[in-house]
Amino acid sequence: MEKGGIRGFWAKLRRPSAKYSLLTLLAVGFVVGIVFWGGFNTALEATNELEFCILCHEMRDNVYQEYKQTIHYSNRTGVRAICSDCHVPRSWGYKMLRKIKASKEVWGKITGIIDTPEKFEEHRLTLAQHEWDRMKASDSRECRNCHSFDGMNTEKQKKRGAKMHEIGKKEQQTCIDCHKGIAHHKPKGMKEDEDDEAW
């Protein structure tokens with residue numbers, strides 16, 4: 001298409017329609033917008049499913065296997081937290097930001113940076129640190145979707161856990177300050193002050 005042809009095409013798009021009323025054009029635009037938004041949101045929510053998260057072997061063979069051994073996967077109440085419960089915010093704005101940032105992690109898969117267990121282990125500390133920093137910055141927002149200091153009955157907790165939760169509440173700590181190894185293995189090479197056992 002030549003320059004004049006492109007210019008003519010855009011001019012036609014900007015010109016009011018002689019055939020359809022403004023109301024018809026607005027109604028069609030509204031319906032198309034709803035269909036587009038519904039499709040976009042459906043696709044976005046599909047990326048939050050556990051099955052989607054473990055499509056690539058990097059997740060399925062590494063962190064998913066670790067997660068299956070934790071209380072977040074199997075417990076006495078039958079309540080299971082899946083990947084998106086911990087790693088994707090619920091509110092739309094934060095969710096979109098997280099999805100955009102997650103594209104960098106997808107890049108790691110595409111370029112083969114973490115495509116073997118050995119490479120994954122080599123990058124585990126960096127990947128974990130990024131996630132811990134994100135959780136710390138959000139005051140462990142995703143943890144607090146299910147857990148809260150106000151909802152805790154420390155009398156029913158083990159003595160050490162109750163004591164640490166009381167200290168955490170008083171010092172306004174956030175979940176990830178102490179619970180770094182709660183769903184996945186801790187990376188080798190962690191700093192000594194980060195290597196406390198989760199209680």
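Arg144 counts as partly exposed, its relative accessibility being 28%, where partly exposed lies between buried, under 20% relative accessible area, and exposed, over 50%, as computed with a 1.4 Å probe on protein chains only. This is a predicted model, in which local features need pLDDT of at least 70 and side-chain atom pairs count only at pLDDT 80 or more, while totals for chains, interfaces and linings use all residues. Residues are numbered from 1 along each chain as its sequence is written, and side-chain values use heavy atoms, with hydrogens and water left out.

The partner of Arg144 in a salt bridge is Asp139, and the closest N and O atoms of this pair are 3.2 Å apart; a salt bridge here is a side-chain nitrogen of Lys or Arg within 4 Å of a carboxyl oxygen of Asp or Glu. Asp139 is partly exposed as well, with a relative accessible area of 38%. The structure holds 12 salt bridges, and a network of them links Arg98, Glu131, Arg134, Arg141 and Glu142.

Another salt bridge joins Lys136 to Asp177, with 2.7 Å between the closest N and O atoms. This pair links distant parts of the chain, since Lys136 belongs to helix α7 (residues 117-137) and Asp177 to the segment after α8 (159-170), 41 residues apart; helices are DSSP runs of H or I with at least four residues, numbered from the N terminus. Lys136 counts as partly exposed at 46% relative accessibility, and Asp177 is partly exposed with a relative accessible area of 24%.

Arg60 and Asp61 also form a salt bridge, in which the closest N and O atoms are 3.4 Å apart. Arg60, at 33% relative accessibility, counts as partly exposed, and Asp61 counts as partly exposed at 41%.

Turning to helix packing, the axes of helix α2 (residues 22-46) and helix α6 (residues 92-110) come within 12 Å and cross at roughly 65 degrees, the axes being lines fitted to C-alpha atoms, for helices over the stretch in contact, and the angles running from 0 to 180 degrees between N-to-C directions. The crossing of α2 past α6 is left-handed, a term for a near helix turned anticlockwise from the far one by less than a right angle. On the α2 side, Trp37, Phe40, Asn41, Leu44 and Glu45 meet Trp92, Lys95, Met96 and Lys99 of α6, where contact means heavy atoms within 4.5 Å. The residues of this contact divide into 5 nonpolar, 1 polar and 3 charged, with Ala, Val, Leu, Ile, Met, Phe, Trp, Tyr, Cys and Pro counted as nonpolar, Asp, Glu, Lys and Arg as charged, and the others, Gly among them, as polar.

Terms used
Helix = DSSP H or I, 4+ residues; strand = E, 2+ residues; numbered from the N terminus.
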